[in-house]
Amino acid sequence: MMDKTTQLALSKVPQVTLLFWIIKIAATTLGETGGDAVTMSMNLGYLVGSIIFGVVFLVAVAAQIRATRFHPFLYWLTVIATTTIGTTLADFADRSLGIGYPGGASLLFALLMISLFVWYRTLGSVAVDSVHSPAAEMFYWVTIMFSQTLGTALGDWAADTAGLGYGGAAVLFGSLLALVALAYYCTKISRTLLFWAAFILTRPLGAVVGDFLDKPLNAGGLALSRYSASAALLIFIVACILLFRQQAAPAVKRESIRVERKPETIDQ
């Protein structure tokens with residue numbers, strides 16, 4: 001006898017709403033100021049900073065995967081971990097390895113595409129609403145880490161090498177995000193494609209805003225303390241989480257078939 005049952009696979013990622021994008025931009029900006037605070041203000045360097053934030057990233061992802069339901073603070077802590085490691089890794093690739101912004105951005109873009117390709121080939125979907133298993137979560141966080149790192153390199157490339165400055169780069173990436181939002185509401189382009197495009201673009205926007213806050217006046221910044229800027233951004237993120245309720249992404253239905261055997265009878 002076969003019995004078909006339906007189970008709900010609970011999601012541990014939040015619904016993608018306006019609040020999600022507001023916190024995401026704040027988290028990416030915090031990643032820039034926080035990463036620079038460790039590598040530059042503390043003079044630990046990009047390699048040591050990458051090791052420190054790499055450990056934090058691994059611990060946060062492990063905790064996120066072990067969790068049984070959506071925890072806003074744990075989720076956003078993991079996002080912040082991806083964006084801080086993204087900042088230090090991008091700076092290490094661009095500057096310490098000597099490949100520059102074009103080389104760093106190209107390498108990171110290739111890694112991001114490989115991550116998405118392997119994820120899709122393995123599980124059949126890279127959509128956010130499919131993240132409901134440990135394997136999908138692992139792909140999700142690795143892809144996010146690569147996207148955050150790529151975004152840092154793109155932000156630095158636009159602001160420095162392209163000569164746009166922090167204000168010009170912020171306008172550029174803000175305009176690109178606006179185009180993605182317009183495409184979401186006015187076209188039928190894949191929502192998954194638009195999500196990842198927006199997710200990637202919020203990182204360079206946060207990177208240039210973070211640099212604008214803490215870079216010297218003669219470099220076009222506001223010369224704010226990296227520590228105070230990071231603290232202010234962290235307080236803002238915590239306030240958003242406490243004041244505005246976030247819900248987990250909709251649960252996904254999974255069907256399973258259970259086979260029951262009839263009890264055997266023994267002839268007397």
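Student: Where is Thr33 placed, and why is Thr33 called buried?

Tutor: Thr33 lies in helix α1, helices being DSSP runs of H or I with at least four residues, numbered from the N terminus. Buried means under 20% relative accessible area, exposed over 50% and partly exposed in between, with a 1.4 Å probe and protein chains only. Thr33 has 0% relative accessibility, so Thr33 counts as buried. Keep in mind that this is a predicted model, where local features need pLDDT of at least 70, side-chain atom pairs count only at pLDDT 80 or more, and totals for chains, interfaces and linings use all residues. Residues are numbered from 1 along each chain as its sequence is written, and side-chain values use heavy atoms, without hydrogens and water.

Student: What makes the pair Thr33 and Ser230 a polar contact?

Tutor: The side chains of Thr33 and Ser230 are joined at 2.9 Å. A polar contact is a pair of N or O atoms within 3.5 Å; within protein, one must be able to donate a hydrogen and the other to accept it, and residues adjacent in sequence count only if both atoms are side-chain atoms.

Student: And why are α1 and α7 called oblique?

Tutor: They pack at an angle of about 45°. Under 35 degrees is roughly parallel, over 145 roughly antiparallel, 65 to 115 roughly perpendicular and the rest oblique, so α1 and α7 are oblique to each other. Angles run from 0 to 180 degrees between N-to-C directions, with axes fitted to C-alpha atoms over the stretch in contact.

Student: How do you know that Gly221 is buried?

Tutor: Gly221 has a relative accessible area of 6%, so Gly221 is buried by that cut-off too. Gly221 sits in the loop between α7 and α8.

How values were computed
Helices (H or I, at least four residues) and strands (E, at least two) are DSSP runs, numbered from the N terminus.
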